[in-house]
Amino acid sequence: MSNYRKTKAQLIKELEQLQQKVTALEAPQQQLEQGSLLLLEYSPEKCQQKLLALHEVGCALTSTLAIPEVYRVIYREIVQRLLNAPYFLLAMFDEATETIFCGFAVIQNEEVNPEQFEPVPLGEDPLSETIVSRQVHILNLPVTGLSAHLLPAEERWQPRPAIYIPLISGNSVIGVLSVIHSQPVAFRNVDMDFLSLVARQAATAVTNAQLLTKVQHYAKDLEARVTERHRVEEALRESEQRFRLVISSISDHIYVTEVTKEGRRINLYLSPHVESMTGYPWERFMADWRFWPSTVIHPDDRAAADAQAAQLLQGHNSEVEYRLVRADSKVIWVRDSARVQTEGSSKITYGVVSDITERKRVELERAWLTNELRDVNQTLDERVRARTAELQAILDAVGEGIVVTDRAGVIQYLNPALERLTGYSEEETLGGTPRMWSSGRQSASFYAQMWQTILAGQTWRGELVNQRKDGTFYDVVLTITPITDPGGKPLGFVGAQHDITPFKQMDRLKSDFISTAAHELRTPLTSIQGFSEILLTRQLDEERRKRFLTFINQQAEALAAITDDLLSLSKLEAGKGFEATDIPVDLKEIVEEVLFGFREHNHQHHYVVSGPASWPRIKGDPVKLAQLFKNLLSNATKYSPDGGHVMLRAETETTYDLLHLTVTDQGIGMTPEQLSHMFDRFYRADASNTAIGGTGLGMSISQLIVKKHRGKIWVESEYGQGTTVHVLFPLPGRPPYVLIIEDEEGLRRLQQISLELEGFTVLPAEKGQPGLELAQTCLPDLILLDLNLPEMSGFSVLDNLKNNHLTKDIPIIITSALDQPEEIEKAIEKGADDYLVKPYGMGDLAIRINRALTETKRETSA
Amino acid sequence: MKKILIVDDQIEVRELVQVTLEIGDYEILSAQNGQQALEIAQAEHPDLILLDIMMPGSIDGLEVCRRLKSNLATADIIVVVLSAKGQEIDIAIGKQVGADAYFTKPFSPIALIEKIEAVIDMK
């Protein structure tokens, strides 16, 4: 800036000097005007005339400084006034190029454009000679050189009187006045002197005019340049102001640093913000470039800053984030973005340092939060996983069948209980809908109401009948709970099926019983009421009267029988109604007595009794035993066709101290399904068949009676082939029987001998299957079961025993070498009464057996 | 003379109904199971059938009624159920299969005649 100012001052000074020069140049002319006395010559008159002319020429010449006007004055005052010549050429000479060109021209007294005369180099023509000799030439020759162009070409060969006057300014010839006459005239030497004087005056005027023009041009140019400088300066100032404004309005620190080839750094510019950013004064950074990297940059981040410097030195732009330690020890984060420009051998770095502490803080906070969130998520995931496993275990363990469906009812999850309940495997169920269990027993409106409830986000609960894979039906209490989003919209459903089939069956059996009982009671009542009314209201003959009375009597008896059955059952169930169980009873006598009654009423059937001549007596209740045979014979009679045989057979099985009785008919038999319900209370093989009356209580009552006599009852039947009912009674004095299922012979023998010594009778079996057969047919009082058996495992034998109604009540003691608690627990869970770990003492075994038997006895008599 | 078919598996009941109705001006027919009842109904086209429900065999009283009512030739026969099953549900089922009336056992013979006459009059 200061340079520009200086230049301007200089220029003004130069201009002043030039103006002084101009003034100095104007001075000789004044002198000339004042010193015209020098021209005084011979005749005072002439002299006066000439002086006057000279004065006038001088005045005219000084009246103007404009070049064309000076030329015109020279022509008017010298050529026209003094010489009166029609042709005039003011030739100018450029000393530097030695060229002659036209400054002013007049042809035939008419001013013409001087530019129509081509400049010519200095030559041998009169003009050139005048310039070189600096002498006035007067010639009368054909005109040559630049002046020749004043004349028409055809006249140039004619000699013409011409005068050539050099224009001398200072020491230089600046031009020539060339005047040509068309008429021959004579120029005198005196005239030549005068003309020389005038020419000198003219030359000075021309020079002055030329100088002035030059000065004016220069001044104008100078003025333009000064104006331009001003403009640029202004623009610069504005730009700089703007720049500073920008700099001050941003908080970033801006630097311009030169890095020399040698790696030396010079801070060319540092914005003032470096102070507010670092807390150190600006000057310290300007004074030493090392202050920034060695003091202000955080020691841990200097490596990063050094790496950036190395990058810049290689000419690569770089952006680095590092920390600064402020003067107040506060640490801030900055981002240093630098661009590098190579200028000659050095590099200029333009950098912006921005405070990113806040951004970093947010970043760090975000990173921390993210971490925290991840941790929380992880913990949550773990908890969810643990909870899920827990829930899974619960769901696996619960007895209720549970499904989880999506909103459309597509099954996404089910528990093992549901598989067991429906009979469909998990693979078959997943992806299906609960419609797969639909039994068709519920109406469409029932399901519509259910959907309406659960889609509204409410829990639905109700009873319904579903169908298993095998086609059988089951009753459930179904609870459907919607899984809802926060807005209460269902996302899916959890359905829990609680199997109430057993209760429903019980209910059905009861209501079936009530309706059957009512029917059975109404049937005899129909005859009793109807015939008695007929007897009372009609006149009947004796035969019909008797006949109707017989009907009434028979039906009254039937009514009594039903009433008896109901009472028996309720008493037996309550454990009452047994009298004198220790009285020895002759079963044969009882059977004959019962048969007498049957033969009386059922003439169509043949009743056959077989067996030994006398049957061993058993201890028991004769009335109940009579009821037992009535029931068995009644069934055999009811379910066999007229003319069929009903056989009752007795057999003493002395080996096991048992009395084995069988009642066989040739009747309709039973399907396996009917057989399995044989002993169910209120069950009748064909309930709709009223031709075969009954309460459905006979077999239940029979079973209860046999059980009370410590016996067993079971049925063998084939549909259409007839039925055989087996009854086993222990004979009086029968010792307790122990069935030993043990594959190790030595141990089995040892157990047998020691138990026999204790008064037990032992039934030995070395494998599971024969053991099961003995258990069913030989009425053991207790079973000793080894777990480690060949072919059928001990646990399998245990399951078989507990699933058979003939053996399920026999106490079982497990003997095993396995002493793990889980084995023992498993055995007890499966129904074993005790668990003896091998090896054990035989005395211990006897004690355990007696204890188990006593407990069983107590339970039975209770 | 109206023709009445008595269907019941129990001989005492058949006799009782017969005796009950003999004082009226009826021709009495009887069947002891469903199959027999359908055969007689087809052949004799009685005016009214007194029908027991629980009978042995594959065709019980309800089935007899259903078949009679779904056959154009027998649909006009008045079917009166006479059953020991007297619960509401039993009566509803009876009506459902097309029975014209449902009487329960035990019954009063005098009242039975009146009811039968009422049903016939209504038709």
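Figure 1. The model is predicted. A:Cys102 is buried, at a relative accessible area of 10%. B:Cys65 is also buried, with a value of 1%. Both count as buried because the cut-off is under 20% relative accessible area.

**Figure 2. A tilted ring pair in chain A.** Over all chains there are 14 aromatic pairs. One of them joins A:Tyr75 and A:Phe104, whose ring centres are 6.0 Å apart. Their planes meet at 45 degrees, so the pair is tilted. A:Tyr75 belongs to helix α3 (residues 67-83) of chain A, and A:Phe104 to strand β2 (residues 99-107) of chain A. The pair therefore ties together parts 29 residues apart in sequence. A:Tyr75 is buried, at 8% relative accessibility. A:Phe104 is buried too, at 4%.

**Figure 3. An aromatic cluster in chain A.** Ring pairs connect four residues into a cluster. Its members are A:Tyr280, A:Phe285, A:Phe291 and A:Trp292.

**Figure 4. Charges over rings in chain A.** A:Arg734 lies over the face of A:Tyr737, 3.9 Å from the ring centre.

**Figure 5. The fold of chain B.** Chain B has 5 helices and 5 strands. Their order along the sequence is β-α-β-α-β-α-β-α-β-α. Of its 123 residues, 50% are buried. Among contacts in chain B between residues at least 6 apart in sequence, 61% join residues at least 24 apart. The chain exposes about 5,500 Å², with 49% of that supplied by carbon and sulfur atoms.

Notes:
Residues numbered from 1 in each chain as written. Chains lettered and ligands numbered in written order. Predicted model: local features only at pLDDT ≥ 70, side-chain atom pairs only at ≥ 80, totals over all residues. Heavy atoms only, no water. Helix = DSSP H or I, 4+ residues; strand = E, 2+ residues; numbered from the N terminus. Buried < 20%, exposed > 50% of the residue type's maximum accessible area, 1.4 Å probe, protein only. Contact = heavy atoms within 4.5 Å. Areas by Shrake-Rupley, 256 points an atom, 1.4 Å probe, with all protein chains shown as cover. Phe/Tyr/Trp six-rings, centres within 6.5 Å; stacked < 30°, edge-to-face > 60°. Lys NZ or Arg CZ within 6 Å of the ring centre and 35° of its normal.
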